[in-house]
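Open the model in your viewer and keep the sequence panel beside it. We will go from selection to selection.

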Amino acid sequence: MGKDKSLKKEFEEKFEEQNRTPRPHNTSEPIREIDIERDRGDADYRRETSETIPVIEEYAHVGKKVIEKAKVRISKTVQEEEVTIDLPSVDEEVDVERVPINEYVRDMPPPVRYEGDITIIPVLKEVPVIEKRILLVEEIHIRKRQTRTHESQPVRLRKEEINIKRENPDAPNQV
């Protein structure tokens, strides 16, 4: 009986060893033979003919295959066009006009004042008289005028266009 247990243990160890090592798929590995001794209840052990026990295991392999269905061509073109742009500009001119007044001023001299778009600056002068008085000699009138002009200048503008062409051998051309 002790011999049977050791053989059974040896068989189980070999079986576990076979199952632990992975086998690559689609390989043909020879089937191992295992000798089994059996006790028939007799006092002496006989060795019977060895039996072959096939151990079979299947593996599945899953993969991908790339199949080209269509091609796409993308091209880019740059178009240039010359455009005339109207650029507004503003020029200012100042006219200075001297207006003679020649009046004496009794109180404080008049301050700078504005009448519409005209700036009036008083010009004063002290004049000796038996008594001293302030004479308003003249006023300077400053008027601003704006003139607007338009200049045309050529400017180069660029525009990109993208063309996509699908090449599919199975279907008619589509974009």
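**Ground rules.** This is a predicted model, in which local features need pLDDT of at least 70 and side-chain atom pairs count only at pLDDT 80 or more, while totals for chains, interfaces and linings use all residues. Residues are numbered from 1 along each chain as its sequence is written, and side-chain values use heavy atoms, with hydrogens and water left out.

**Colour by pLDDT.** This is the predictor's confidence in each residue, from 0 to 100. The protein chain has a mean of 77, and 75% of its residues reach 70 or more. Strands here are DSSP runs of E with at least two residues, numbered from the N terminus. Confidence is highest in strand β4 (residues 113-115), at a mean of 91, and lowest in strand β1 (residues 33-34), at 48.

Now select residues 33-40. Their pLDDT stays under 50, and the model gives them 21 contacts beyond four places in sequence. A contact means heavy atoms within 4.5 Å. Where pLDDT is low, the predicted coordinates should not be read in detail.

**Select β3 and β6.** Strand β3 covers residues 71-105, and β6 covers residues 133-167. The two run antiparallel, joined by 33 bridges. Two strands pair if DSSP finds at least two bridges between them.

Asn102 is not a glycine, yet it has a positive phi of about 50 degrees. Most residues other than glycine have a negative phi.

Is His141 buried or exposed? It is buried, with a relative accessible area of 18%. The classes are buried under 20%, exposed over 50% and partly exposed in between, using a 1.4 Å probe and protein chains only. Beyond its neighbours within four places in sequence, His141 is in contact with residues including Asp95, Val99, Ile118 and Ile120. Its side chain also joins that of Glu139 in a polar contact of 3.2 Å. A polar contact is a pair of N or O atoms within 3.5 Å; within protein, one must be able to donate a hydrogen and the other to accept it, and residues adjacent in sequence count only if both atoms are side-chain atoms.

**Show the salt bridges.** How many does the structure hold? There are eight salt bridges. Each is a side-chain nitrogen of Lys or Arg within 4 Å of a carboxyl oxygen of Asp or Glu. Visit these:

- Arg73 and Glu167: their side chains meet at 2.6 Å, N to O. Arg73 lies in β3 and Glu167 in β6, so the pair ties together parts 94 residues apart in sequence. Arg73 is exposed at 53% relative accessibility; Glu167 is partly exposed at 23%.
- Glu160 and Lys76: the N to O distance is 3.3 Å. Glu160 in β6 and Lys76 in β3 are 84 residues apart. Both residues are exposed.
- Glu138 and Arg98: the closest N and O atoms are 2.9 Å apart. Glu138 belongs to β6 and Arg98 to β3, so this pair ties together parts 40 residues apart in sequence. Glu138 is buried at 13%, whereas Arg98 is exposed at 57%.

Last, select Glu80, Arg156 and Arg158. Salt bridges link these residues in a network.

Methods:
Helix = DSSP H or I, 4+ residues; strand = E, 2+ residues; numbered from the N terminus.
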